[in-house]
Amino acid sequence: MDYINTEKYRVHESIQISKVPSFEDFGKTDKQLKKDLSKVRRELGEFQDILYAHNKYSVLICLQGMDTAGKDSLVREVFKDFNVRGVQVHSFKVPTELELDHNYLWRHYLVLPAKGKFGVFNRTHYENVLVTRVHPEYILNERIPGIHNVDDIDQKFWDKRFEQINNFERHLHENGTIIFKFFLHLSKEEQRQRLLRRLALREKHWKFSPGDLKERKLWDKYQFCYEEAINNTTKEHAPWYTIPADSKKAARVIVASILLERLKKYKDIKEPTLEAEIMANLDDYENQLRSERNN
């Protein structure tokens with residue numbers, strides 16, 4: 001959309017989350033934003049077909065945000081015009097026993113998008129420096145040599161984990177994965193309102209958990225951990241974008257616009273051309289098919 005300056009949301013060096021706006025609607029009505037999203041996602045769907053045919057790049061989209069930030073609905077609405085064969089969505093829950101028997105990045109490697117495909121991580125490998133940092137006792141389940149209790153988990157541990165994540169993403173980038181990382185920046189008041197709606201509407205009861213309220217009490221600690229993670233891992237090849245998420249419809253348009261604008265810069269992604277021999281005989285192939293009707 002012409003009215004969206006996508007660079008405004010990109011984190012080039014560092015941010016202070018408390019100073020980043022959580023609301024934006026561009027003076028547009030919900031109906032206008034919905035119409036704009038429809039246009040952008042159609043173009044994204046067309047690009048997906050070309051990416052699939054080109055089959056040299058993959059796209060990894062990472063979504064992070066506090067509970068109720070709108071990650072699920074964003075996936076549903078932004079990728080609605082995608083061919084299902086070309087996009088896969090994975091949400092990372094509490095690690096299983098099998099996953100804990102491997103290093104913390106192992107389960108993320110397993111579901112990376114193949115060449116020609118989009119992959120969406122709804123909650124991502126960054127949970128390993130977010131929820132585990134807010135609750136460092138979870139790290140003990142990973143059975144890491146030298147880590148015997150939470151006192152062993154110091155700043156050097158987190159700095160090393162940031163470095164490991166940067167190396168992971170650099171490896172993906174150098175092998176043809178285009179990486180987007182979106183932090184859906186929700187205000188604490190808007191989260192309160194969304195939790196209240198979950199309680200008020202019977203059809204949304206299933207989304208509510210008392211644990212949401214326990215985690216909400218740790219809001220400031222989560223904001224600190226998000227800020228640290230973003231500032232330590234935003235890179236030219238794997239940038240973070242902070243998306244104002246108090247308006248779900250505006251957030252979807254912003255994310256879709258960022259995806260489309262940056263992907264269009266890859267001028268080498270184009271539909272493959274047929275081999276010269278096949279091109280020279282297209283008329284013959286067509287005649288063969290048409291002649292079948294007369295048999």
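Two strands are taken to pair if DSSP finds at least two bridges between them. Helices (H or I, at least four residues) and strands (E, at least two) are DSSP runs, numbered from the N terminus. The model is predicted: local features need pLDDT of at least 70, side-chain atom pairs count only at pLDDT 80 or more, and totals for chains, interfaces and linings use all residues. Residues are numbered from 1 along each chain as its sequence is written, and side-chain values use heavy atoms, with hydrogens and water left out.

Five bridges join strand S2 to strand S4 (residues 118-122), and the two run parallel.

Strand S2 spans residues 58-65 and is mostly covered. Eight of its eight residues are buried (under 20% relative accessible area; exposed is over 50%, partly exposed in between; 1.4 Å probe, protein chains only). Ser58, Leu60, Cys62 and Gln64 point one way from the strand. Val59, Ile61, Leu63 and Gly65 point the other way. Both sets are buried.

Aromatic contacts were examined next. A pair of aromatic rings is described by the distance of the centres and the angle of the planes. Rings of Phe, Tyr and Trp (its six-membered ring) pair if their centres lie within 6.5 Å; planes under 30 degrees apart count as stacked, over 60 as edge-to-face and the rest as tilted. By this rule the count comes to 11 aromatic pairs. In one of them, the rings of Tyr109 and Phe168 have centres 4.8 Å apart and planes at 75°, so the pair is edge-to-face. Tyr109 lies in helix H4 (residues 106-110) and Phe168 in helix H6 (residues 155-174), so this contact ties together parts that are 59 residues apart in sequence. Tyr109 is partly exposed, at 39% relative accessible area, whereas Phe168 is buried, at 3%.

Phe157 and Trp158 also form an edge-to-face pair, because their ring centres are 4.9 Å apart and their planes stand at 90°. Phe157 is buried, with a relative accessible area of 14%. Trp158 is buried too, at 5%. Elsewhere, ring pairs link Phe79, Phe82 and Phe118 into a cluster.

Charges over rings complete the account. The criterion is NZ of Lys or CZ of Arg within 6 Å of the ring centre and within 35 degrees of the ring normal. Arg161 lies over the face of Tyr104, 3.8 Å from the ring centre. The charged end of Arg262 sits over the ring of Phe180, at 4.2 Å from its centre.
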